[in-house]
Every structure is written in C-alpha cells, then in structure tokens.
Amino acid sequence: GDPLGKDKQMKRIAILGSTGSIGTQTLDVVRANGDIEVVGIAAGRNIDALESQIREFSPKICGVWDEEKAKELAVRVADTDTKIVSGMEGLLEIAVMEGYEILVTAVVGMIGIRPTMAAIEAGKDIALGNKETLVTAGHLIIPLVKEKKVRLLPVDSEHSAIFQCLNGEHGNKIEKILLTASGGPFRGWAREQMKNVQVEDALKHPNWSMGAKLTIDSSTMVNKGLEVMEAKWLFDVGMDDVQVVVQPKSVIHSMVQFEDGAVMAQLGTPDMKLPIQYALYYPERRPMRGDRLDFWSMKEIIFDKPDYENFRGLALAREAGKAGGSVPVVFNAANEFAVAKFLGKKISYLEITDMLEAAMEHHKKIAHPSLDEVLGPPGSCRRPRTGQRPRGTSQPSQRWAWGYARRPPRPRPER
C-alpha cells in the first residue's frame, strides 16, 4: 500500500461549486500546498471547466446539475476513472461519499442546503462558502452540527475574520460583532441616482472579485444583510449584536468587541484564498504567497455608517432576521429570483428591493419551518400565490417567489 505513510497526511476534500469564484480559488489553494486531494467536484453546467478540473485533479466523482450537460461530459471524460453524476442526487452522492474529511460548499443559492445537511449527517466538516444555507436553514443546521460534533468553518472573508478574532477567546462573552462592508460601487448614492443603474454598472465591485449574483448582492447591500443573519447563527448572537460598519477599502475584514471593551480586528488584503486556506487547515496557518498590507502607503482607514434609507435591502434583511422563522427564507428566495431577473435585464435595478419588500409583506410567517417547507414544495412557506411560475426559474429557491414578488409593495407613508 503506502510504505511512506503519505496518504495519512493528505487532506481529502470535495467541492460543490468548483467552477465558481470560491471553487476555483479553493483549487488555487490546493495547487499551492500539494497535500490536499480533491475527491469530488460539482458545478452547474460549465463542463469545459469541469473537464479540465477532472484531467488535472482526477476526482473520483464529478457532479453536473444539468442532466444533459452531465451526459455530454461523461462522453468527453470516458477515458478517465471519474464517475459523472447529475442533479440533486449527484450532489448528495458526493456529499456523503467515503474517503474525504471536508466539504467545501461554494454553490450559490439554497441548492446547497440538502448536500450540506447530508454531509454533516455523514460526519464531514463543512467549509461554508454559501450564505443561504444558514440564512434559511440555520435553525436546522446548527443543532445538527452540535449533534454530529463536526466543525462548521466559515469561508466568507467577514465570518472568517470573526472566527479568527475569537481564537483563544473561548468562554469570553461577545458584546458586539462589527461586520465590515465596503459599501459597494454605489456607496454614497441616493436611491434616485440608482434609477438607471445597468447590469454592467452593478457588476463593478471596487475591491473584491466575485461571481455575478454575489456582486449584485454587494451593490444592493443585501449581501451584507445575509451576512448579518449568517453571523447570528455562526456565533450564537442576536441580530442587534451585529453592527454593520462601512470600511470602503476592505482592509479590516471584521471585528469583535468583548464585554471589557477590547476590540479584536482581522486585517489583510482582499484575497479570498486566505479565508479558504484558513478553513481547510484550521487551526494551522500555512505560508501563502500574495500581497501584504503596507501600512505606510495606506496612511488611514476610513469608517462610515451604513445607509439604511437608500439601501433598503440591508434594512429589510434586518427585519427578516429579527422576524425569524420562514421570513428569512422568503427574503432570500425573493432576492435570488429578483437578481436573476435583473441579470437577465427583465427588471430595473431598484425593482430588486421592491420585490423583496413585496414578498415579505405578503408572506404569512411559519414559526419553525421544516426542511421541506424551507425548500418549498406546495403548501410550504414558498408556495406561489398566482398562476404558473415563469420559465427559467428551475431552482426550488425561486419558484414560489413569483407569486409574491410580482406584486408591487404597499406604498410606505412619508416619513
């Protein structure tokens, strides 16, 4: 077998969302370290990228969400030993497969919930790069993590920063989490100025390189709202204990204030590979190439308050998080639906938050939604109110949103 014991030191991981921003940067970390084996990968439909990943990393299983694309890929890689699977069944097969320790969940949207829960049930540690999982199903996932005694390691830069600040602070009470935000490309703009924002404008993030959905969410600040809800579950704090602080240059990735008034901050260049590598090797820090912060050239770090009036998405996220139950599910699903419509140039930029507001207003809250209710079959908290769903909303996370989100929100009284 293995006389040198090399296999004993290899880390084995699987990546859901291997062709996206977090997935490809995870593979960069794998390349740079040389002691991680990738046993499973999965993506939506980018089979060109999947084929090259299969040929480079030789995973045992590769999942493709799109069934037709899966068949096509299977023909292309028939000369390899990689098994091709498809759909949700494929994701679940990868999640529970034997012979690996950490599942990197880097898929976008609520599609990640079932595979994440299946992996936890199978005793896998989770490197969590998917916000929607905890936002919509935190009440199901956190108890499961505790029951199965697995580790939930944040990959998001802000949550990784908080996680790093809490290292060695076991038992010390958090007074406040200070979650930093760049403010996105429209920081300082009034709502009126955003009327004519085009898809191309919203896709220009000042600091970070991310996928399209996440970049739009950053511009509306919905992303920050989802992160506040995620922090609540990850660090067991109340919504009011998470304060958003605008820090335009993304130098401070987040901070923790303790009850003696001390504030711990994690700083660094805006590079996602750092939190990814930290999650994969925790608690060990590995050398990493890349730029370093230069405090002499930086000179100052500027802070600002978040603008809840013009960035309604952030205010609505706070409302959803405080309401709890099925309301965050509705908030998130309406956002997935609206962002997809905006990216497809079917609605205007400001209609994204209008849709969120309408969905929340028309929703009848379920206090403790089950997994089935979160994922939305008929009778759940995401049942469509009107007619058939439009074409192009295949994800369960978007189906119900149609009924609510097409209604305009009720007019708000003038303040």
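Trainee: Which residue of β7 stands opposite Ile126?

Mentor: β6 and strand β7 (residues 152-154) pair in the parallel sense over three bridges, where helices (H or I, at least four residues) and strands (E, at least two) are DSSP runs numbered from the N terminus, and two strands pair if DSSP finds at least two bridges between them. Within this pairing, the residue of β7 that stands opposite Ile126 is Leu152.

Trainee: What kind of model is this?

Mentor: Residues are numbered from 1 along each chain as its sequence is written, and side-chain values use heavy atoms, leaving out hydrogens and water. Local features need pLDDT of at least 70 and side-chain atom pairs count only at pLDDT 80 or more, while totals for chains, interfaces and linings use all residues, for this is a predicted model.

Trainee: Which residues of strand β6 are buried on the side of Ile126?

Mentor: In a regular strand the side chains alternate between the two faces of the sheet. Both faces of β6 (residues 125-128) are covered, with Asp125 and Ala127 buried (under 20% relative accessible area, whereas exposed is over 50% and partly exposed lies in between, using a 1.4 Å probe and protein chains only) on one side.

Trainee: Is Ser250 buried or exposed?

Mentor: Ser250 lies in the loop between β9 (242-246) and β10 (252-258), and has a positive phi of about 55° although it is not a glycine. Because its relative accessibility is 5%, Ser250 counts as buried.

Trainee: What is the relative accessible area of Ser58?

Mentor: Ser58, in the loop between α3 (47-57) and β3 (61-64), also has a positive phi, of about 50°. Ser58 is exposed, because its relative accessible area is 51%.
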